[in-house]
Structures are given as C-alpha cells and as structure tokens.
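Visitor: I have a model open here. Can you take me through some of its residues?

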Amino acid sequence: HNEIFEDSYEASKVVAAEIADLIRQKQDKGEACVLGLATGSSPIKVYEELVRLHKNGELSFHNVITFNLDEYYPMDAENRQSYYYFMHQHLFDHIDINPENIHIPSGQVSQEELNQYCIDYDMKIKQLGGLDFQLLGIGRTGHIGFNEPGSHINSGTRIITLDHITRRDAASDFNGIENVPKKAITMGVSTILKSKRIIMLAWGHKKASIIKETVEGQITATIPASFLQNHPNTTMIMDQEAASELS
Ligand code: F6R
C-alpha cells in the first residue's frame with residue numbers, strides 16, 4: 001500500500017523508527033537483523049535519523065548485517081562517487097556495526113570473477129535466511145536497485161548496463177555524463193522481492209510520473225518497480241509532490 005506524508009523529513013523518521021524497532025526485536029530474540037540498503041538522495045534522512053538514535057544511546061547495530069543494492073562498475077571503493085564511500089559517510093562511520101557485517105557489491109572485482117561474485121552475493125543473503133527488510137529508492141526509469149527497464153522478475157544479482165536517463169541523472173555528481181560509469185552491479189529483482197519487508201521511498205515532483213506508473217500501471221519489466229505491486233509486504237512511502245499524479 002501507499003503512505004503519503006506532508007514532507008520527507010516526517011516520513012523518514014517513521015521509516016527509521018520501523019527499522020530501529022525491527023533491529024531491537026531481533027536483539028531481544030538474540031538474532032541477527034539482515035538489512036538491504038540503498039544509496040542516493042532518498043534514504044539520506046533515514047540514515048541521519050538512525051545515526052541520531054544511535055548517538056542518543058537508543059539503538060545499537062551490533063546484530064545488524066547489511067547488503068547494499070548496488071555499486072557502479074568499475075569503481076574504486078575510495079572514489080568519492082562510490083556507493084561504498086556514500087554508505088560510510090552517511091551511516092557506517094557513525095554507528096557500531098561490525099565492519100565484517102557490511103556487504104556492498106565491489107566495483108573492483110575483475111571481469112573474470114564477476115559472474116561468480118554476483119552468485120555468491122545472493123548466496124550469502126540466502127544463507128542468512130534472506131533479507132528481513134529492504135529499503136529502496138526509485139529511479140526515473142522505474143529502476144529499483146539498478147534493475148533498469150527490461151530486468152526480468154527472476155533476475156539475480158548481476159552486472160547491468162545503466163540506462164541513459166539514469167546516467168544523465170547522475171551526471172552532476174560526476175561532473176558530466178561522460179564520467180558516469182556505463183555499468184553497475186545490482187541486486188536482482190528476485191533478490192529484492194524475496195525480502196520479507198520492503199519500503200520504497202519517493203520524494204519530489206520529479207518522481208511523480210514514475211510513481212503513478214509504478215503504483216497504478218501494469219506490472220511489467222518495462223517498469224521494474226511495478227513488480228513490487230505483487231509483493232505481500234511492501235509500503236511505498238512518498239511526499240505530497242511524488243504522490244501528486246496519483247488518482
Ligand atoms: C541506489 C539505488 C537507486 C536509487 C534511485 C533513486 O542504491 O539503488 O535505485 O534508489 O536511483 O535515486 P535518488 O534517491 O537519488 O533519487
């Protein structure tokens with residue numbers, strides 16, 4: 001279902017509170033909490049709030065294991081544009097997560113190792129009992145992770161070619177589209193859909209038309225986010241602007 005908030009700040013606090021509750025519930029049971037995480041502008045305030053809860057002494061991440069959705073390819077971890085850098089800057093450097101519990105697809109794997117690397121990524125998630133929670137943004141192409149239009153519902157983690165629109169949207173971060181990598185490693189659609197709980201975030205008028213297609217349109221690989229319509233435990237959280245074209 002959809003939840004529409006006045007603004008992204010209020011919404012992000014609600015999302016962070018749900019994640020914090022889940023982590024604590026798992027702690028009470030002595031279990032690990034397996035989180036799927038996203039980068040980009042959409043989740044930044046959620047991470048800020050999680051960091052705030054931690055700094056306040058209200059939340060520990062000692063039982064948390066994370067898997068990020070994606071990474072550009074090729075990409076050095078130290079590069080300021082890497083998702084590795086983003087996640088450390090916005091979350092991991094400020095919390096008490098065990099570094100060994102952090103998984104971000106590596107943009108430095110050799111071409112020869114890539115296939116097996118992606119298979120292993122999905123296998124690790126599976127061996128931990130699957131993702132308890134997956135946080136998603138949505139691209140203007142309808143991508144989730146970097147599953148661009150055409151991504152199969154059964155796709156696993158793999159290397160993909162980025163859509164031109166996605167590269168254009170990233171151009172300002174990279175000082176021009178010519179510097180945006182042409183490829184990325186992404187968790188697959190099926191990897192994402194196996195998560196027990198999914199929250200997708202969408203803020204701002206730029207997301208309004210893709211949100212309409214995702215929520216009210218046909219379920220189709222042309223809009224990979226539309227596959228979420230069939231997931232039993234997904235909430236699309238948006239602000240008024242992103243929801244403005246919904247009927
Ligand atoms: C990021 C990711 C992408 C973004 C999407 C929206 O890890 O998987 O799907 O969530 O491109 O990006 P923002 O939030 O910057 O609008």
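Visitor: What does glutamate 148 touch, not counting residues up to four places away in sequence?
Guide: Glutamate 148 touches Thr141, His143, Ile160, Leu162, Asp163 and Thr166; contact means C-beta atoms, placed from the backbone, within 7 Å. This is a predicted model, where local features need pLDDT of at least 70, side-chain atom pairs count only at pLDDT 80 or more, and totals for chains, interfaces and linings use all residues. Residues are numbered from 1 along each chain as its sequence is written.

Visitor: Is glutamate 148 buried or exposed?
Guide: Buried, because 22 other C-beta atoms lie within 10 Å of glutamate 148. The cut-offs are 20 or more for buried, 12 or fewer for exposed, and partly exposed in between, with C-beta atoms placed from the backbone.

Visitor: And histidine 143, what is it in contact with beyond four places in sequence?
Guide: Histidine 143 contacts Glu148, Thr166 and Pro224. Histidine 143 counts as buried, with 27 C-beta neighbours inside 10 Å.

Visitor: Where is histidine 143 found?
Guide: In the loop between strand E6 (133-136) and strand E7 (158-161); strands are DSSP runs of at least two residues, numbered from the N terminus. Glutamate 148 lies in the loop between E6 and E7 too.

Visitor: Which residues does the "active site" annotation cover?
Guide: The unreviewed UniProt entry lists Asp70, His143 and Glu148. They span 79 residues in sequence, but no two of their C-alpha atoms are more than 12.2 Å apart, so they gather at one spot. UniProt positions are given in the numbering used here, feature names are shortened, and annotations may be inferred rather than shown by experiment.

Key: Helices (H or I, at least four residues) and strands (E, at least two) are DSSP runs, numbered from the N terminus. Two residues are in contact if their C-beta atoms, placed from the backbone, lie within 7 Å.
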